[in-house]
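Student: Please walk me through this model, and tell me what stands behind each label you use.

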Amino acid sequence: MTGRRSRKSAVPDPAAFPARPYDLVKEFTIALVAVALLTAGLAAVFSSPDVKPVTLASWSRAAGADFTATAVAELGGTSGTAEYGPPYNHTPDAAQKLGPVGLQNAVGVRIPVDTANDFVLRPLADAPEPPGVSAALGTWAAASASRQQTWTKAYSDALAKSPGGDPAKVAKGDFGPVPVLTSRLLGLARSGALDGELQADGKFYQTDYTRPLLFLSDGSYLESLARAEHLGGDQWGMMNETGNYPGQAWLWLYTFWYQIEPFKSSGNADALIWGLMALLSLGLVLVPFIPGVRSIPRWTRVHRLIWRSYYRDQDAAVRARHSRS
């Protein structure tokens, strides 16, 4: 009983300590203002540059020839998006595979995109058109699929041979209504109307930029801007930031595989690297259960370096006991 009372009396009485007033609201306000000013100052000095977004309007004004060539490819179904496969369309043998498993096919076509209709014909049909454009749309609709492909291929080849790809300098040929349609589409894009047309989905707030982005990515203009900022796939672009600023450096392991063979030259690289990273992640999760691997920290004794102060005190205590004994 005496021991219990002595231990109980050893507990300090809170009322025996001095007290002073403390304004929690004031301290919180000061901390909030200080952190806000520090954040704003650091952001102003070290934040990445505010690069203006690339739109169909800016693209068509800066590189009209590239826009026209891309529009022809969309119309003829030969662009990257038109031949991409799932989740946009059912292009045969387009999906990347992980062994025998077609990952894209497993997901299916969830965002249907018909490049000719969605990127060219529907925006032209929805906009007020001169009689010549309306007639060109009718001519296109009345032609067979093979005839349409003949027109787009002939015009695409003629654009490639034209000086600077300029549609105004294309040699004469049988291109059907393709020049009229693409010229009008270029005009819509330069006016800014095409950006809105490709986002129109019947909703008040337009937040789906899938189609404008796909259209942009099919041309070479967006890629040239990305490469100028060192954002290309072979420039470690996934982990870079615009300008001389660090980006997502923790993605180095993922983007590393795109820089080496056989992934670098493989058309199946995305699926292969995804599978490899999934395997490496699984291995990381299973480290505590893999014999040998789980013992590496014990063999290397890195933990003693990290917790050196703890082990130094432990060793000192052991030496003290030995000296007393």
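Tutor: Gladly, and let's begin with the largest pocket, which is lined by 21 residues, with S217, E223, G232, G233 and D270 lying nearest its centre. The elements giving two or more residues to that lining are helix 12 (221–228) and helix 14 (269–285). Helix 12 provides the largest share, four residues. Before we go on: this is a predicted model, where local features need pLDDT of at least 70 and side-chain atom pairs count only at pLDDT 80 or more, while totals for chains, interfaces and linings use all residues. Residues are numbered from 1 along each chain as its sequence is written, and side-chain values use heavy atoms, with hydrogens and water left out.

Student: What makes something a pocket and not a cavity?

Tutor: On a 1 Å grid over the protein atoms alone, a cavity is a set of points where a 1.4 Å probe fits but cannot get out, whereas a pocket is an open set with protein on both sides within 12 Å along at least five of seven lines. A lining residue has an atom within 4 Å of a point. The idea is that rolling a probe the size of a water molecule over the atoms shows where empty space is left.

Student: How do the residues of each lining divide?

Tutor: Ala, Val, Leu, Ile, Met, Phe, Trp, Tyr, Cys and Pro count as nonpolar, Asp, Glu, Lys and Arg as charged, and the others, Gly among them, as polar. By that rule the largest pocket has eight nonpolar, 10 polar and three charged lining residues. The second largest pocket has seven nonpolar, one polar and two charged; its lining includes V51, K52, L222 and E229.

Student: Why is the pair W59 and F215 called edge-to-face?

Tutor: Rings of Phe, Tyr and Trp (its six-membered ring) pair if their centres lie within 6.5 Å; planes under 30 degrees apart count as stacked, over 60 as edge-to-face and the rest as tilted. There are 12 aromatic pairs by this rule. For W59 and F215 the ring centres are 5.4 Å apart and the planes stand at 85°, so the pair is edge-to-face. W59 sits in helix 3 (residues 56–62) and F215 in helix 11, so the pair ties together parts 156 residues apart in sequence. The rings of F256 and W257 have centres 5.0 Å apart and planes at 70°, so that pair is edge-to-face too. W59, F67, F119 and F215 form one aromatic cluster.

Student: Are F256 and W257 buried, partly exposed or exposed, and how do you know?

Tutor: Buried means under 20% relative accessible area, exposed over 50%, and partly exposed in between (1.4 Å probe, protein chains only). W257 has 16%, so it counts as buried. F256 has 26%, so it is partly exposed.

Student: Why is T255 called buried?

Tutor: Its relative accessible area is 2%, so T255 is buried. T255 lies in helix 13. Leaving aside neighbours within four places in sequence, T255 is in contact (heavy atoms within 4.5 Å) with W236, M238 and M239.

Student: What makes W236 stand out in its backbone?

Tutor: W236 has a positive phi of about 60° although it is not a glycine. Most residues other than glycine have a negative phi, and most peptide bonds are trans. W236 lies in the loop between helix 12 and helix 13, and its 31% relative accessibility makes it partly exposed. R301 also has a positive phi of about 60° without being a glycine.

Student: What makes a stretch count as a helix, and how far does helix 6 reach?

Tutor: Helices (H or I, at least four residues) and strands (E, at least two) are DSSP runs, numbered from the N terminus. Helix 6 (residues 115–126) has 12 residues and reaches 16 Å from first C-alpha to last, close to the 16 Å expected. The expected span is 1.5 Å times one less than the number of residues. The buried residues of helix 6, including F119 and L121, pack against helix 4 (64–76), helix 7 (131–142), helix 9 (178–191), helix 10 (193–199) and helix 11 (210–218).
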